[in-house]
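Reader: Please put the chain on screen, and I will ask about one side chain before turning to the overall form.

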Amino acid sequence: WQAQMTYDMLRAKIVKQREEFRKAKDVEQGQRSQVDAARKREEEAQQATREAKERTAKAKENADEAEEKVKKAQKAGVEDGDDSSEYNQKKKDVDDAMDKLD
């Protein structure tokens, strides 16, 4: 009789441990998928950051080019005694480019 009681008790413990193991495994799987999703979002954020830096560098380059054109136009306008409308247009281009940087 004692042996049967011990057997039944140990068998119940095994069943309980197996169920706890399955639950823990499910929790682990859920956490793994959350980690994988977070890693993917991090990678996407890093890519977006790289692209934003590239766009910023390109915008700065365009602004520098526009400013150089304004300086040349201003210099040519002073030398030629030209109307300042071309200068004003070039200055507007530079100002627009600078606004895009901000």
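Reader: Is tyrosine 87 buried, exposed or partly exposed, and at what relative accessible area?
Author: This is a predicted model, in which local features need pLDDT of at least 70, side-chain atom pairs count only at pLDDT 80 or more, and totals for chains, interfaces and linings use all residues. Residues are numbered from 1 along each chain as its sequence is written, and side-chain values use heavy atoms, with hydrogens and water left out. Buried means under 20% relative accessible area, exposed over 50%, and partly exposed in between (1.4 Å probe, protein chains only). Tyrosine 87 is therefore partly exposed, at 25%.

Reader: How far apart are the C-alpha atoms of tyrosine 87 and lysine 69?
Author: Along the chain, the two residues are 18 residues apart. Their C-alpha atoms are separated by 9.3 Å.

Reader: How many helices and strands does the protein chain have?
Author: The C-alpha trace spans about 120 × 15 × 10 Å along its principal axes. Of the 102 residues, 7% are buried. The secondary structure comes to two helices and zero strands.

Terms used:
Helices (H or I, at least four residues) and strands (E, at least two) are DSSP runs, numbered from the N terminus.
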